[in-house]
Protein chains: 2
Amino acid sequence: MDVTPPKNDLPTLEDVAKAARVSTATVSRCLNSPDRVSESTKQRVMEAVRELKYSPNFGARALAAKRTNTYGAVIPTMDNAIFARGLQAFQQVLVDNGATMLVASSAYDPEIEENQIKTLISRGADALLLIGTDRDPGIHEFLEERGLPVVIAWACTTEATLSCVGFDNVEATRQLALKALDLGHHDIAFLSAFTRTNDRARNRVIGARKALQERGIDPSSMPVVETKYSIRSAREAFGTLVRRSPRPTLVMCGNDVLAAGAVQAARDMGLDVPGDISITGFDDIELATVISPALTTVHVPHRKMGRLAAEVLLDQVRHNASPRHVTLDTHIVERASLGPAP
Amino acid sequence: MDVTPPKNDLPTLEDVAKAARVSTATVSRCLNSPDRVSESTKQRVMEAVRELKYSPNFGARALAAKRTNTYGAVIPTMDNAIFARGLQAFQQVLVDNGATMLVASSAYDPEIEENQIKTLISRGADALLLIGTDRDPGIHEFLEERGLPVVIAWACTTEATLSCVGFDNVEATRQLALKALDLGHHDIAFLSAFTRTNDRARNRVIGARKALQERGIDPSSMPVVETKYSIRSAREAFGTLVRRSPRPTLVMCGNDVLAAGAVQAARDMGLDVPGDISITGFDDIELATVISPALTTVHVPHRKMGRLAAEVLLDQVRHNASPRHVTLDTHIVERASLGPAP
DNA sequence: TAATTTAGTGTAAGCGCTTACATTTTTTTA
DNA sequence: TAAAAAAATGTAAGCGCTTACACTAAATTA
C-alpha cells in the first residue's frame, strides 16, 4: 500500500529557462514583475511557458518568497447556508484580488479547529478567518505572536489584536424578544443550537433573557432546549418545549433552520402559527421566506460579512493596516410567524 | 502598499533539532516515521516540538517529499446546498484519512475553472474532484498526462482515465417526466438552470424531451426557460412560462430551488398547486420538504456522492487503484406538488 | 569472545523557486 | 564620441524540509 502514483514530473522554471534560452531569474521575473523584462524576451518566455504548460510550484515559491497570497478560513461546517454564503463572498473578494482561499471545517469541535488552524498556518496562510470567539485564549496569543492577521466573523470581539466583522448577537435577540414581549408574550421558550462551544448560540439565549429581565420576568424561568442544527431534531425538541405547562406562547429559535422545524412540528400538532403559538427565527436565510407561515426573524448580512472580512484581511496583509472592529447592523424582518399572544 | 507584514519567523526543524540536541533528520523521522526512532529521543524531540510550538512548513515538505496529501475540489459555488453538502462529506472522509481538502469555486465559468484547476495543481494537489463533464477536453488530457487522479462528480462519464461518482441525469428526469405523462400531463414546460456550460442542467432537459418523444409528443414543443439559480429569478421565469397558451399543466424544474420559486409564484398568482398546475423539482434538498405543497422531486444522494468521491480518489492515490465509474441510484420522491392533470 | 546483525543517528544533497548582487547591454547626457 | 546612467540579464545563495547513505553502538549469533 501507499504506492506513489506515477505522477509525471511537471516542467520546472529551469525547463522554461532552457527552452527560452534565458536564466531562471529572468523567467521568474517574467512571471512576478513583468515590467522589469524586455518585451522581446518576455514573449519568448511566455511562449515557452505555454508550450510546456508550465505552472509554478507553489511550495517552492512559498519557500523562497515567504508569502503565499493565501488566506485561510476555518468554519464549523460548510453544510450550513450562512457559512457557505459568507465564504463564497469571502472567496470572491480574494479571487478578485489575486489571492486564494483555503477552507477547513471544524465540525464545531475546538480541538479540530485548533488543528485546522495549525494546518492552515503551516500551509503558509497569510491571514486567517475564524468564526466566533469561543476558543482557547492560547490560540489567539499564538496567532498574535506569529503576527498573523486574524479576523473573527459572525461575532464581535474587543481584543485589540484581532479584527472582527460581526454583529451583536445579544442585542439582536434582545430586540426581537422585546418586540415579542410587547405583543403580550410572557411564556417564552427558547430552542437553541448547542451552546457549549458556540458563543453565537449562547449570546442569543442571553439576549432573550436580558429582555425578560428588563420587563420584570425572571429570566431563569425561560425554558431552553438545545438541539442539533437540523429540521428533524428541531421538530423533536419543539415537542418537549410545547408539552411544558404553562405552554409557551412563543418559541424563539436560535436560527432559521430550527425555526423551520418548529413550524412544521407545530403544524403537525394541529397548532396554528401564530394563532396558537408564535415562532421566531434568526439569520434570514431562504428557508425563512419559503416556509409558511414565513418566519419573523433577524436579518443578518452574511454575504456582506464575508466580503468585508476579506477586505479587512487584505488591508492588513497588503497595507499593514491595523486590526479593525466592524459591527454590522441587523434588523428584524417581520413576517408571519410572530403574532400577538393568544 | 504591499508592505510585508511583520510576521515573526516560525521555528524550523533545525530549531527543534538544536533544542532536542539531535540532527534534523532525527526530528524529521520523529514526525514522519516515529517507529524508527528510540523512545527516549522521541520524547525529547516531541517535548521540543511542543515547547517551540513547531509546525512543519508545508511548502518545504511538499518540495522535498513530492507529495502533499492534499486533495483539490473545484465546484461551481459553495452557495448551493448540494455542493456544500457533498463537499462537507468529501472533506470528512479526507480528514479521517489524514488528508486535507483544498476548495476553489468557478462560478460556473469554464475559464475560471481552468485557472482554479491549475492553481490546485501547482499547490501540489495529489488528486482532483471536478463537477460534471462540461469542459475543454484539453483539460482532461492535460490532467491525464500529469497522471493526476481525477473524479467527476454529479455526473457520469465513460472516459476511461477519469473516475466518476454520479448519477444519470437524463434517466432520472425521464422517469419523472414519464410519471407525469401517466398522470395525464401533456402540456409540460421546463424551468431550467443555464445549460450552456452545465451538462447536468442540459441533461435534465434532454431527459424530459426523451420521455415526451416516447409518448409521441413532439419534444421540441416543450417550452424551456433558463434562469439563474435563485428563488427570485425562478418566480419571474415561472411567470413567462405560465403566460403561454395553452397554459402548461406541469412545470418541471431543473432543481428544487427553482421549483420553490415556481411554487411561490403560482401561489401568488392564485393558482393551486397541484390543482391548477403541477410543479416538480430535482435534488431533494431540505427546501423540498419545507415548502408547501412539498415538492415531488428526484432524490439525489449528495452526501454519499461526496463520501464515495473521496474514497475513490484515496484509493487511486494510495493504492494505485484504477479509475472507477460509479453510478448511484436516484429515486423519485412523491410528495404533494405533482398531481393529475386538471 | 569475535563476527554479524540490527537499531538509532548523523551527514549532506537536493526539491523548485526568489532575489540580492554582479555583470552586461542599451540609452542618455555632456 | 566618451562617460555616466539606466535597463536587462545572469549568478548563485538560500528558503525548510526529506531521505539515501554512512556511521556508531547495541544486540544477537556462532
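Visitor: Where does Arg21(A) lie?

Guide: Arg21(A) lies in the loop between helix H1 (13–20) and helix H2 (24–32) of chain A. Helices (H or I, at least four residues) and strands (E, at least two) are DSSP runs, numbered from the N terminus. This is a predicted model, in which local features need pLDDT of at least 70 and side-chain atom pairs count only at pLDDT 80 or more, while totals for chains, interfaces and linings use all residues. Residues are numbered from 1 along each chain as its sequence is written, chains are lettered from A and ligands numbered from 1 in the order in which they are written, and side-chain values use heavy atoms, with hydrogens and water left out.

Visitor: What is phi of Arg21(A)?

Guide: Phi of Arg21(A) is near 50 degrees, a positive value in a residue other than glycine. Most residues other than glycine have a negative phi, and most peptide bonds are trans.

Visitor: Which peptide bond of chain A is cis, and what is its omega?

Guide: The bond joining Ser292(A) and Pro293(A) is cis, with omega about 0 degrees. Pro293(A) belongs to the loop between helix H12 (286–290) and strand S10 (297–299) of chain A. In chain B, the peptide bond from Ser245(B) to Pro246(B) is also cis, its omega being near 0 degrees. Pro246(B) is placed in the loop between helix H10 (231–242) and strand S8 (250–253) of chain B.

Visitor: How many residues of chain B are in contact with chain A?

Guide: Contact means heavy atoms within 4.5 Å, and 65 residues of chain B are in contact with 65 residues of chain A. The area buried between the two chains is about 5,600 Å², of which carbon and sulfur atoms give 51%. Buried area is the accessible area (1.4 Å probe) that two parts lose on being put together, summed over both.

Visitor: What makes strands S7 and S9 of chain A the edges of their sheet?

Guide: Four strands form an open sheet in the order S7-S6-S8-S9 (chain A), with parallel pairing. Strand S7 (224–227) and strand S9 (278–280) each have a single partner strand, so one side of each is left without a neighbour in the sheet.

Visitor: How do you know that strand S8 of chain A pairs with S9(A)?

Guide: Two strands pair if DSSP finds at least two bridges between them. Three bridges join strand S8 (residues 250–253) of chain A to S9(A), and therefore the two strands pair. Val251(A) stands opposite Ile279(A) in S9(A).

Visitor: In what order do the strands of the open sheet of chain B stand?

Guide: Six strands stand in the order S2-S1-S3-S4-S5-S11 (chain B), with parallel pairing. Its edge strands are S2 and strand S11 (325–327) of chain B, each of which pairs on one side only. Val326(B) in S11(B) is the bridge partner of Val165(B).
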